[in-house]
Amino acid sequence: MTKLSDPSLLDRTRDHVVRYLDALPSRRVAPLATREELLAALRVPLTESGEAPAAVIDSLAGAGERGTLATAGPRFFGFVIGGALPVSLAADWLTSAWDQNAGLYVTSPVASVVEDVAREWLLELFDLPREASLGFVTGCQMANYTALSSARHALLRRQGWDVEERGLCGAPPIRIVAGAEAHVTIHTSLRMLGFGTAAIRSVATDAQGRMRPDALEAAMREAEAPAIVCAQAGNVNTGAIDPLREIAGIAREHGAWLHVDSAFGLWGRASRDRRPLLDGIELADSWATDAHKWLNVPYDNGIAIVRDSASHRAAMTVSAAYLEQTSGVERDPVDWVPEFSRRARGITVYAALRQLGRRGVESLVDNACARARQFAELLVRDRRVAVLNDVVLNQVLVRFGDNDALTREVIARVQREGTCWLAGTTWHEMAAMRISVSHWATSEEDVERSAEAILRCLDEAAR
Ligand SMILES: *Cc1c(COP(=O)(O)O)cnc(C)c1O
């Protein structure tokens, strides 16, 4: 009989992985190879009869890892990315080995049951309505899409319109109201839902990027049609959280559906210190978040949560006679997500939550927030540095010499120098460096080293 495993190949791969991860803390964070170098190493002719598996893996590991940005390391502070906890990486390997199609209970009982359990744990951790439904998607963009599909279904059904059957042509109007600093993926999701970005009524935000309740109230008074309000917990630049209790009150008064894009902010609910910032988030109708960012599971992993599970299911379910294989109690993941066949994404989330426990998730969040504050404190000791935001979460916005060109030059130098990696942004018409701390292992020493490197690059750029 053919043996299905190839232990020596897996051991070899494991050795590559261990070497890669152990080298990350001392490696330059930026990619080590250019596109040309990567092509030169990887663009081999597609052979007639193939190559030995070990040769393929050695070449990928050897040449390929020179083309990684070291996001899995503790001094990567770009975007909001996060690394992978050892337990979630291990669970991801199991997921690959099991190779389950997690669409249906019959195709993977374990994936279905693990999702059931992870759903309960997540709702408890976030303290959201325990009856809410939840789907594991590829990322927060698809989580926003899934939640907003449920909103579209609910608001149109209330007006006697079955959008799943009849589509949007000729449908009663729906108003979309979103903060001026809503994440781009809210716009993409609305585009995919057939609303078009022109349908969005943008609501003014304050100095930290939070939606202003007075401006929301005015927008709602103008709206003649039922509305979907898109709020945000965790502005991608400042980390700021919208005043959710007030927003929820206004949304309720106007019969609107309240959605909260909380890609990383929702994890603040697991921290007793951060929780007050998110007060009122439990009053929303839907939430979108990511596990691949702050929970530190490997890419890709997003989570859509909807209070009214009937709307969620109606927007996502697939019905076909050949799928009806179960009694009805079993979870068919396909009912809660846009995908049909899919990876068993719940498994890494289950493993991470089970290993960390409530206090473990809390320390993950608190540590990142403390490291962000440490960054801000170390950098502002230099009088050429300004921190533009209130550091309430894990994001720090930094500007050098109150000068766009200098700020961009520092960012470019930091990226080349390689101690850490950060990206730039434009914040209220000013160039800024954006620091996001989302890795489980980032230590005080990592932040000290990175702050020193940033200030050294500032010295050089200022010359
Ligand atoms: C990252 C992010 C998203 C998009 O999430 P993906 O996982 O990249 O799809 C949406 N909203 C906010 C606020 C984010 O930070």
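The model is predicted: local features need pLDDT of at least 70, side-chain atom pairs count only at pLDDT 80 or more, and totals for chains, interfaces and linings use all residues. Residues are numbered from 1 along each chain as its sequence is written, and side-chain values use heavy atoms, with hydrogens and water left out.

**Overall fold**

- The protein chain contains 14 helices and eleven strands; these are DSSP runs numbered from the N terminus, helices being H or I of at least four residues and strands E of at least two.
- Its radius of gyration is 23 Å, close to the 23 Å that the globule rule gives for 463 residues, so the chain is as compact as a globular protein of that length. The radius is taken over C-alpha atoms, and the rule is 2.2 Å times the number of residues to the power 0.38.
- Along the principal axes, the C-alpha atoms fill a box of roughly 70 × 60 × 45 Å.
- Of the contacts between residues at least 6 apart in sequence, 74% join residues at least 24 apart; contact means heavy atoms within 4.5 Å.

**Burial and surface**

- Buried residues account for 52% of the 463 residues, where buried means under 20% relative accessible area, exposed over 50% and partly exposed in between (1.4 Å probe, protein chains only).
- The chain exposes about 20400 Å², of which carbon and sulfur atoms supply 53%; accessible areas come from the Shrake-Rupley method with a 1.4 Å probe.

- Two strands pair if DSSP finds at least two bridges between them.
- Val-229 of S4 stands opposite Val-177 and has Leu-258 as its bridge partner in S5.

**Helix H9**

- In H9 (residues 213-222), the buried residues are Pro-213, Ala-215, Leu-216, Glu-217, Ala-219 and Met-220.
- These buried residues pack against strands S2 (175-179), S3 (200-203) and S4 (227-232) and against helix H10 (244-253).

**Arg-345**

- Arg-345 lies in the loop between helix H11 (309-316) and helix H12 (346-380).
- Its relative accessibility is 9%, so Arg-345 counts as buried.
- Residues up to four places away in sequence aside, Arg-345 touches Phe-136, Val-137, Thr-138, Asp-300 and Asn-301.
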